[in-house]
Amino acid sequence: MSKIAVLGLGAMGSRMAANLIKAGHAVTVWNRSAAAAEELVAAGAALAATPKQAAAGADFVMAMVRDDQASRQVWLDPDTGALAGMAAGAIALESSTLTVKWIRELGAQAAARRIDLLEAPVSGSTPQAEAAQLVYLVGGEVDTLTHAAPILTAMGSAIRHVGPLGSGALAKLTTNTLLGIQVAVLGELVGMLQHSGADVARVLDAVAITPVWSPVAGRISGSMLAGNFAPQFPIELIEKDFGYTLQAAGSDVVAPTIAAARSVFRAAIERGLGDENMTAVVKLSAEPSPAR
């Protein structure tokens, strides 16, 4: 079994670390707030004071953090960064949703230290992370993936290699953008149906048997109709991802549909909904349910 450091113990990272422990790996964890590590330490993880300390002696170092800025600090901080603590030949796994530009820069920084970087962002939310059913969208060298595959399979059910560094970020941003556009549109359609006096659930059940209905649309609309907005993928995070997609596209002008969908999530943040699940954008369009 391998020595693995996990950096970032949010809703996803904590569950991924737990599955690595269950698989028998020696896991060291780090988080800005040490309290987030308590359950993992009780399950057998070691707790490090810094990313650099966590990375010392590790075969693999995995990060799952919020954004480019957090990733940069975790990996490259001159005093506490993980790359400075890693030995040559170790593998860095970056599973956060990041920009292509930053991933490529991080890859160059890692290579200068004779460390291989594999970008390994995931498709799936907290239920999939808990069940070790994440889908990995991997960018990097095939040989690096071969070495890392046993680690990834402890946390996921599928691995797709999509190309060199940067390709994983593009695949993840494409995935999240398609998801977010469906969320924004379904929120508006639920509002339209309510304002028109329709039996919303009945109409959507009928639409669901047509070819236009996607596998995820049922979960999205179900959350909206039930008023269940416990955060699995918060609005503020998917809005951030839309921004990264537009950065990759070049400008709002060449991706007007994506830009318009982002504006929906921005409006939700302005309404104070940023920490609620992405499906809470329905509140911008739909009437309150008497049951709630």
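In which helix is the place of valine 74? Select residues 68-76: this is helix H4, and valine 74 lies in it. Helices here are DSSP runs of H or I with at least four residues, strands are runs of E with at least two, and both are numbered from the N terminus.

The model is predicted, so local features need pLDDT of at least 70 and side-chain atom pairs count only at pLDDT 80 or more, while totals for chains, interfaces and linings use all residues. Residues are numbered from 1 along each chain as its sequence is written, and side-chain values use heavy atoms, with hydrogens and water left out.

**Stop 1: valine 74**

Keep valine 74 selected. Its relative accessibility is 5%, so it counts as buried (under 20% relative accessible area; exposed is over 50%, partly exposed in between; 1.4 Å probe, protein chains only). Next show its contacts, meaning heavy atoms within 4.5 Å. Leaving out residues up to four places away in sequence, valine 74 touches Leu7, Trp30, Pro51, Ala63, Val65, Thr80, Gly81 and Ala82. Draw a distance to alanine 63, 11 residues away along the chain: the two C-alpha atoms are 7.9 Å apart.

**Stop 2: the largest nonpolar core**

A nonpolar core is a set of buried Ala, Val, Leu, Ile, Met, Phe, Trp, Tyr and Cys residues joined through side-chain atoms within 4.5 Å. Select Val6, Met16, Val29, Leu93, Tyr136 and Leu152, which touch the most other members of the largest core, a set of 31 residues. Elements giving two or more residues to this core include strands S1 (3-7), S2 (26-30) and S8 (134-139), and helices H1 (11-22) and H8 (142-153). H1 supplies the largest share, five residues.

Now centre on tyrosine 136. Apart from residues up to four places away in sequence, tyrosine 136 touches Met16, Ser95, Ala120, Pro121, Val122, Leu152, Met155, Gly156, Ala158, Ile159 and Arg160.

**Stop 3: the second core**

Move to Ala184, Ala268, Val281 and Val282, which are among the 27 residues of a second, separate core.

**Stop 4: the whole chain**

Along the principal axes, the C-alpha atoms fill a box of roughly 65 × 45 × 35 Å. Colour by burial to finish: 49% of the 292 residues are buried.
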